[in-house]
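Here is my note on the model you sent. Please read it with the structure open.

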Amino acid sequence: MNRHVVVIGAGAVGAISAIEALRAGLRVTLLDPGLPGGEQAASYGNAGWLSSHSVIPPAEPGVWRRLPRLIMDPLGPLAIRWNYLPQATPWLLRYIASGWTAARIAATARALRPLLVDAPALHEGLARQAGVPQLIERRGLLHVYPSRADFEADALAWTIRRDNGVRWLELDAAALHRQERALHPRYQFGVLVPEAGHCRNPGAYVAALVAYARTLGAQWVSARATGFHIERGRLQAVRCDDTEVACDAAVVAAGAHSKALAARAQDRVPLESERGYHVVVESPEVMPQLPLMVSDCKLIATPMETGLRVAGQVEIAGLGAAPDWRRADILRDHLPSIFPALPREFPRDRLHNWLGHRPSTPDGRPCIGFARASSDIVYGFGHGHVGLVGSARTARVVAQLLSGCAPEIPLAPFDPRRFA
Ligand SMILES: Cc1cc2nc3c(=O)[nH]c(=O)nc-3n(C[C@H](O)[C@H](O)[C@H](O)COP(=O)(O)OP(=O)(O)OC[C@H]3O[C@@H](n4cnc5c(N)ncnc54)[C@H](O)[C@@H]3O)c2cc1C
């Protein structure tokens, strides 16, 4: 009998891990209490960036100096709920430490680049096989800045990207506005990264990937995993709320909810939800040609199948706190200053707000590797801001670990026990 693997969580990482495990000849059950491609998953509502150049972790040198000002700014891109601060403090201290020096950031970039480098091509292939080729585009991604000086203020990040093989085109104001006619004239400089791509509907993409996994033979179980039944180091079953699913191996790919499951497998992982928001404007008056990272507003505006999606914000408030929709309003309110043809007010039925949980480690690297309690349990979680783009390579590596093959990229930087 083939080894039976239960994949816990059917976001981008779990769905593609299921596909890769099936391709490796394993028997697969996908376990998730939510709908495939549903709003409960971060994979539903992200900005769709397949940014193979996103190798810079969120914490940069000197972030601690800017942190108090950022937190105090009610309209800024970062918020911390004060009642959650005591719980978040250890994670925040590690986060600041991980970006303390340029050398630490460069080390993370070197680790992330092999995970991301050919992600647009991998996702293009997956979308084709899943019957949704139209959802992946490979026309590049654009960073827009008010001026060249603002781009130069980001020199550390771009230098590290260049050292890792990222190439880009610099657009002066004329070239930028030829490319993006709807963009506000106050943006005078652009950086086009041609190797990158984007997904035009991440929720529909994940739903199609799960459907494809099922055509390959995956079973679907609608249940929430709560732990593991392990005997003498060998996994017997995944425990769920009301039942157990017998299996020989498991993958923990439950996004921001993976921390509790890892604890059940004897690993204490500093995983925090970096809560993010999006607003989709249906039938917008104008659309950008390419997804834009708008540097001064710290948000991404992506042309999606469903409308114009503007995504961003980091809110540290834990998994359980109610959404603070003012954070989505901040994103919406930036829109006319980016695309002047958009109105200041939209009818409520043209706007869709969403909150999601980025599964974030303090150093911006995912956890990929075996659990302490049993090498039958493989982790694939903690991708923070790069979980859509990083899911394709992660899934291949997860399948290699499950099959006893050597992983195709170095895994030491993603060791789940590196924080110990
Ligand atoms: C606003 C925003 C913008 C973003 N933009 C980008 C971007 O442009 N590009 C990019 O690459 N990344 C982006 N990200 C990050 C990316 O969305 C995440 O890193 C990625 O989706 C994580 O995927 P995942 O499969 O690990 O987790 P998820 O997509 O969260 O899926 C986890 C699944 O596990 C299930 N689950 C949870 N607990 C259990 C349990 N106990 N048992 C069974 N199932 C369980 C959930 O129901 C869910 O379906 C963004 C995130 C946000 C919030």
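1. Start at cysteine 297. Leaving aside neighbours within four places in sequence, cysteine 297 is in contact with Arg186, Tyr187, His334 and Ile338. Contact means heavy atoms within 4.5 Å.

2. Where does cysteine 297 sit in the chain? Cysteine 297 is in the loop between strand S16 (292–294) and strand S17 (299–304). Helices (H or I, at least four residues) and strands (E, at least two) are DSSP runs, numbered from the N terminus. Glycine 312 is 15 residues away from cysteine 297 in sequence, and 9.2 Å away in space, C-alpha to C-alpha.

3. Is cysteine 297 buried or exposed? Its relative accessibility is 10%, so cysteine 297 counts as buried. The cut-offs are under 20% relative accessible area for buried, over 50% for exposed and partly exposed in between (1.4 Å probe, protein chains only).

4. A word on the source. This is a predicted model: local features need pLDDT of at least 70, side-chain atom pairs count only at pLDDT 80 or more, and totals for chains, interfaces and linings use all residues. Residues are numbered from 1 along each chain as its sequence is written, and side-chain values use heavy atoms, with hydrogens and water left out.

5. Now the whole chain. The protein chain has 13 helices and 21 strands. Its radius of gyration is 21 Å, close to the 22 Å that the globule rule gives for 420 residues, so the chain is as compact as a globular protein of that length. That radius is taken over C-alpha atoms, and the rule is 2.2 Å times the number of residues to the power 0.38. The C-alpha trace spans about 65 × 45 × 40 Å along its principal axes. Of the 420 residues, 59% count as buried.

6. Next, the aromatic residues. The count comes to 8 aromatic pairs. Rings of Phe, Tyr and Trp (its six-membered ring) pair if their centres lie within 6.5 Å; planes under 30 degrees apart are stacked, over 60 edge-to-face and the rest tilted. Tryptophan 91 and tyrosine 95 have ring centres 5.1 Å apart and planes at 20°, so this pair is stacked. They are 4 residues apart in helix H4 (residues 85–98), and so separated by about one helical turn. Both tryptophan 91 and tyrosine 95 are buried.

7. Compare tyrosine 379 and phenylalanine 381. This aromatic pair is edge-to-face, 5.2 Å centre to centre with 65° between the planes. Tyrosine 379 and phenylalanine 381 are both buried. Elsewhere, Tyr145, Phe151, Trp158, Trp168 and Phe189 form one aromatic cluster.
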